[in-house]
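Work through the exercises below with the sequence and the coordinates at hand. Each task is followed by its solution.

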Amino acid sequence: MAPGALIDVAYDDDNNNNNNNNNNNNDKNINNINNGTILEHVSDAIDDVNSIKYDTKSKFDATKDKATFRQYEDACDRVRGFYREQHEKQTVAYNLAARGRFYSASRPRPRMTIWQAMEKLDALVDESDPDTSLSQIEHLLQSAEAIRRDGKPRWMQVTGLIHDLGKLMLFFPELGTQGQWDVVGDTFPVGCAFDERIIYPETFAANPDAQHPVYSTPHGIYAPGCGLDNVMLSWGHDEYLYHVVKDQSRLPPEALAMIRYHSFYPWHREGAYRDLMCDRDWDMLRAVQAFNPYDLYSKSDEVPRVEELKPYYLELIDEFFPQGELEW
């Protein structure tokens, strides 16, 4: 099968039938997330694992005592069960169905500005995480402000501001979100062999694609050098936001790569899947590696003053989203 051909299939409404049996349970599953509190607890635990494992330097985090974060093994214990479920359920079939639902002509597309989306996401607050008691909007502003203080370009600042807005998928039952495993967590390609450099690679044994005659081969449905634009990554909030903004913004390719790939740790930190890259992807890799510390380490910065910062960021939003409202 040609590179990208499988992804094209995902936009055929016929594939919406793949997971119809699960649709009746969507509202119940969404409610079980308790307005996102449980999900945010898992999401922050995942960040703990990555922040401790990949302790890189940037200007804003050079003076921090990262020993105040949870120790790596403790953090790993808290996310092991999450990854077991994610690795079992993120299949080619599920990813085709998820993209089919997203692109379905019959799906209602709520319209919101970026700031309205941030305010809506602010309903997701993790009251149980000892590393941060911040609201979602405060975390987004922390990331953006850290990027701004380091003198990075305006497009990168707005990318920091919006990078977690894909979690809005929890509010839209038509997307068929099943729980935590298809919203957060490290991402990876489906449709080819699961690389040993993915966290907890042994847990893919329960994924049916691991025994598939094509999907279990090193390149699977892809051709070497096909480019990551033609690779289907596991569905979650990063992939969802990428598909929302890629045609509704003036963001440069580097910003889109930061949004889509910043959780793709097997690639940008472990060196996996390099044989699928095209020449352009090397530039995108450098961009993602530059962005990553601002997501992991900014959560312990001082609490931003939302109302004081709002005028600056509203102007920034208008620059890159001049149409105002986006279809989500």
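**Exercise 1.** Describe how helix 7 packs against helix 14.

Solution. Helices here are DSSP runs (H or I, at least four residues), numbered from the N terminus. Axes are lines fitted to C-alpha atoms over the stretch in contact, and angles run from 0 to 180 degrees between N-to-C directions. Helix 7 is therefore oblique to helix 14, given that angles under 35 degrees count as roughly parallel, over 145 as roughly antiparallel, 65 to 115 as roughly perpendicular and the rest as oblique.

The model is predicted: local features need pLDDT of at least 70, side-chain atom pairs count only at pLDDT 80 or more, and totals for chains, interfaces and linings use all residues. Residues are numbered from 1 along each chain as its sequence is written, and side-chain values use heavy atoms, without hydrogens and water.

**Exercise 2.** Which residues of helix 7 and helix 14 meet?

Solution. From helix 7 come Ile114, Trp115 and Glu119; from helix 14 come Val306, Lys310, Tyr313, Leu314 and Ile317. Contact means heavy atoms within 4.5 Å. By class, six of the contact residues are nonpolar, none polar and two charged (nonpolar: Ala, Val, Leu, Ile, Met, Phe, Trp, Tyr, Cys and Pro; charged: Asp, Glu, Lys and Arg; polar: the others, Gly among them).

**Exercise 3.** Is Tyr273 buried or exposed?

Solution. Tyr273 sits in the loop between helix 12 (265-268) and helix 13 (279-296). Its phi is positive, about 65°, although Tyr273 is not a glycine. Tyr273 counts as buried because its relative accessibility is 6% (buried is under 20% relative accessible area, exposed over 50%, partly exposed in between; 1.4 Å probe, protein chains only).

Conventions. Helices (H or I, at least four residues) and strands (E, at least two) are DSSP runs, numbered from the N terminus.
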